[in-house]
Amino acid sequence: MKPFYTFLDTEKQNLTAVLMLNPHNPYTDYPDFKDYIATLALRISSETVLRAACDAIVFDRIEHGNHVHILGNCPIDETLPQLDLDNPVEHKYKAKKTFIGEGFMELMSHLQRTPLFSYKNRNNGDYFTDLVSFNKLKGKKTGFTDGDLIYHSDRSYHPVRADYVSLLGLHVSDNELIYTNYMDVKELKKHLSKSVIETLGKEIFETEVDDLSKENNSSWKKSAVHSILLSNNLIRYQDTFTRPLDPNNFNATKALLELKHAMSKAAKVRHMVKKGEMLIFGNQTGIHNREWIDVKNAEEGRKRWLLKTYSFNNTDKASKYKPWATKEDALCICDS
Ligand SMILES: [Fe+2]
């Protein structure tokens, strides 16, 4: 997919220089890190390409219903550690000394008016997590592993789900073709009958919890009962994890089969995130997957590192999800 906008080298250098001045660490001092970027965002005038690009992305979502955007040649850290996949989170805390990528992602969220949020039980509540292949999760049912990944919405089993997911390419080998693909609900609906859409809109489905979340809470097996299709062309679905609550419900099973047929037929947006690219996509306006299309060196593929953020689509969502928020931080979400 073609980038929505690609920063010029001079634009990237200027942004990097500004982001480097932030003295705060996003992993140990997130409130101050965020405040610093919020102040910076206020100083960015409407004439700048960055603000214009963010405004254009928001306009494209609202006016045209497009929920996938790519920005090229984004600011990222010049020096990056090779993450130890035995414990990438702890290793990152010790080895990553600059936070240009984090600052850029935070700034993007302010300019798009899509606040970042975090999960308390994921990476110690960090707002910036890493899409990498954890050694301990090899072969497990979670996104933090290698190889292909089924179509899903992130955290489809969780009551609080991101509206947008952003991925920033930090370490990516151009030789290993690893793609992120997206299918929009509006495309899926073109291949579904009215009665199937109606059945998929009923609260008669449930979704299994993935292995990484079970690690933190072994008693948490499934989501609450939910519909697959939600109002405003939204979806809550994870392939092979989302099933009818009652396995003998013929209509629900048939509707799920029809959805799988629609997934085979629907148009997809395909993109390989490259180093310095930022991919932003709707987490509920569609479903996404990962495909290892042509990976010649699996170990090199496993080293792919994308910095990841979750965001809400407006600043009011924090109050909507207050029951799940931690006491200290309205945007840090608990599992129950
Ligand atoms: Fe995902």
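How much space lies in the second largest cavity? About 80 Å³ lies there, a cavity being, on a 1 Å grid over the protein atoms alone, a set of points where a 1.4 Å probe fits but cannot get out, and a volume being the space filled by probe spheres set on the points, which are joined across faces, edges and corners. The model is predicted, so that local features need pLDDT of at least 70 and side-chain atom pairs count only at pLDDT 80 or more, while totals for chains, interfaces and linings use all residues. Residues are numbered from 1 along each chain as its sequence is written, and side-chain values use heavy atoms, with hydrogens and water left out.

Helices (H or I, at least four residues) and strands (E, at least two) are DSSP runs numbered from the N terminus. Helix α5 (residues 100–112) packs with helix α3 (residues 49–64) at an angle of about 55°, their axes being 9 Å apart; axes are lines fitted to C-alpha atoms, for helices over the stretch in contact, and angles run from 0 to 180 degrees between N-to-C directions. That angle makes α3 oblique to α5, given that angles under 35 degrees count as roughly parallel, over 145 as roughly antiparallel, 65 to 115 as roughly perpendicular and the rest as oblique. On the α3 side the contact (heavy atoms within 4.5 Å) is made by Leu 50, Arg 51, Cys 54, Asp 55, Ile 57, Val 58 and Arg 61, and on the α5 side by Phe 104, Leu 107, Met 108, Leu 111 and Gln 112. These residues divide into 8 nonpolar, 1 polar and 3 charged, where Ala, Val, Leu, Ile, Met, Phe, Trp, Tyr, Cys and Pro count as nonpolar, Asp, Glu, Lys and Arg as charged, and the others, Gly among them, as polar.

Helix α2 (residues 30–43) also meets α5, with axes that come within 9 Å and cross at roughly 55°. The two helices are therefore oblique to each other, and α2 passes α5 in a right-handed crossing. Tyr 30, Phe 33, Lys 34, Ile 37, Ala 38, Leu 40 and Ala 41 of α2 meet Glu 102, Gly 103, Glu 106, Leu 107, His 110 and Leu 111 of α5, a contact with 8 nonpolar, 2 polar and 3 charged residues.

Helix α1 (residues 9–19) packs against α5 at an angle of about 100°, with the axes 9 Å apart, and α1 and α5 are therefore roughly perpendicular to each other. Leu 15, Thr 16 and Leu 19 of α1 make this contact with Ile 100, Gly 103, Phe 104 and Leu 107 of α5, and by class there are 5 nonpolar, 2 polar and no charged residues in it.

Of the 24 residues lining the largest cavity, Gly 143, Leu 149, His 152, Asp 154 and Lys 308 are the closest to its centre; lining residues have an atom within 4 Å of a point. At least two residues of this lining come from each of β5 (149–152), β6 (164–171), β14 (286–294) and β15 (305–311), and the lining divides into 9 nonpolar, 8 polar and 7 charged residues. The second largest cavity has a lining that includes Gly 143, Phe 144, Asp 146, Arg 290 and Trp 292, and by class its lining has 5 nonpolar, 4 polar and 3 charged residues.

Pockets are open sets of points with protein on both sides within 12 Å along at least five of seven lines. The largest pocket holds about 350 Å³ of space, and among its 19 lining residues Arg 61, His 67, Tyr 164, Thr 285 and Asn 313 lie nearest its centre. Two or more residues of that lining come from α3 and from α6 (185–189), with α3 giving the most, 3 residues. The lining of the largest pocket divides into 5 nonpolar, 9 polar and 5 charged residues.

About 300 Å³ of space lies in the second largest pocket, which is lined by 16 residues, with Val 89, Asn 123, Phe 134, Lys 136 and Glu 215 nearest its centre.

How values were computed: A crossing is left-handed if the near helix is turned anticlockwise from the far one by less than a right angle, and right-handed if clockwise.
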